[in-house]
Amino acid sequence: MLTVFSNDQLLHEGKSEFHRGQLLPCFESPKRAELILAELQANKSGDIIAPDRFGLEPVLRIHDAAYVEFLQTAFDRWHTIHPDCDALPHTWNMRGARDILPNNIYGQLGYYSCDASTPIMAHTWQAAKASADAAIMAQRLVMQGHRSAFALTRPPGHHATSNVYGGYCYLNNAAIAAQAFLDGDAKQVAILDIDYHHGNGTQIIFEDRNDVLVVSIHANPAEAYPYFLGYADETGTGAGKGYNLNLPLPDGTDWNSYQGALETALAAISRFTPDYLVVSLGVDTYAGDPISSFKLSSNDFSKLGHHLGKADFPTLILMEGGYAVDNIGCNVVKVLTGFED
Ligand code: SP5
Ligand code: ZN
């Protein structure tokens, strides 16, 4: 399978994230992408190409202009006050308070974010934009007739909404790609999110629409990040009623129970008859993942890929999470190879 990746995506390198009362080295590191690339090359998985630069237009189909401008300028504003560290928020809105954008940089960081594990550093915008460009490039290739393509999107995207970053995500690459299909020749697009964490950003972006079916298999949010969305009773709103499907699974889920959820998800997607399928792939469902609790083995990722391929849609696969750096490359290659088998 063809892979799209830009070296600019390596430029985002957060120093630390706030994790259980401590500042720890970021789990979401450039090393993740380097190890996936190395394993793709070692397995002769297909050509790796750099994306074109697509400008802001496809990004602004999903994200608010003021949010994009904030991402482009936040670090410089922070850096004049704090030359030695990344920007992290520490104060958020509260229920009942006003939806108002303060002027102050600390206030704005809180306004535009949902957690303190997602730093903004000097090159965050450049890397996030390059990651979105990789998604758009792969989207173009699939629309032009490739049966599938892989966008090695890092930093990831599925926790970002139109105007909130968090969960290591700044621009919602899957949403941008799905919208790009619709702005091309598609009438309907399905997104299947198989990251360990619920794709809250993707759900919020599309929950009131019926042209994008969003299906997510993830850890029960009552117990796992992002906590405040991803429950089974969220089926879409307004015109989007019936076009959101959440399949939360308990701690310790292994392939035996995962496979049933995957079949349910793919059956719902087949009934929707999408023109294209976008897969938000996270390999943080792996047993060895440092921040997750599912128990998939490396071989299970081959089976997972095979199920995705058998579904037989023109498919864009893009990268979300996966933090067991020793195995991340192997697990991604198994999904892509399984897809083609
Ligand atoms: C794209 C993506 O996978 N983002 C995930 C963001 C998760 N950030 C918060 C992690 C909380 C980790 N909980 C630790 C559980 C240790 N067993
Ligand atoms: Zn995840």
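1. Which residues of α5 meet which residues of α6? In this predicted model, Ser131, Ala132, Ala135, Ile136, Gln139 and Met143 of α5 meet Asn173, Ile176, Ala177, Ala180 and Phe181 of α6. By class, this contact has 8 nonpolar and 3 polar residues, with no charged ones.

2. The geometry of that pair is as follows. Helix α5 covers residues 124-143 and helix α6 residues 173-183; their axes come within 9 Å and cross at roughly 35°. The crossing is right-handed.

3. On the nonpolar core: the largest one holds 100 residues, and the members that touch the most others are Ala138, Ala151, Ile176, Ala177, Val278, Leu316 and Leu318. Helix α5 gives the largest share of this core, 12 residues. In soluble globular proteins, nonpolar side chains tend to be buried together.

4. Val278 deserves a look of its own. Apart from neighbours within four places in sequence, Val278 contacts Ala174, Ala177, Ala178, Val189, Ile191, Leu316 and Leu318.

5. On the α9 side the contact includes Phe301, Lys303, Leu304, His306 and Leu308, and on the α10 side it includes Asn327, Cys330, Lys334, Val335, Phe339 and Glu340. The residues of this contact divide into 7 nonpolar, 9 polar and 3 charged.

Technical notes:
Residues are numbered from 1 along each chain as its sequence is written. Chains are lettered from A and ligands numbered from 1 in the order in which they are written. This is a predicted model: local features need pLDDT of at least 70, side-chain atom pairs count only at pLDDT 80 or more; totals for chains, interfaces and linings use all residues. Two residues are in contact if their C-beta atoms, placed from the backbone, lie within 7 Å. Helices (H or I, at least four residues) and strands (E, at least two) are DSSP runs, numbered from the N terminus. Ala, Val, Leu, Ile, Met, Phe, Trp, Tyr, Cys and Pro count as nonpolar, Asp, Glu, Lys and Arg as charged, and the others, Gly among them, as polar. Axes are lines fitted to C-alpha atoms, for helices over the stretch in contact, and angles run from 0 to 180 degrees between N-to-C directions. A crossing is left-handed if the near helix is turned anticlockwise from the far one by less than a right angle, and right-handed if clockwise. A nonpolar core is a set of buried Ala, Val, Leu, Ile, Met, Phe, Trp, Tyr and Cys residues joined through C-beta atoms within 7 Å. A residue is buried if 20 or more other C-beta atoms lie within 10 Å of its own, exposed if 12 or fewer, and partly exposed in between; C-beta atoms are placed from the backbone.
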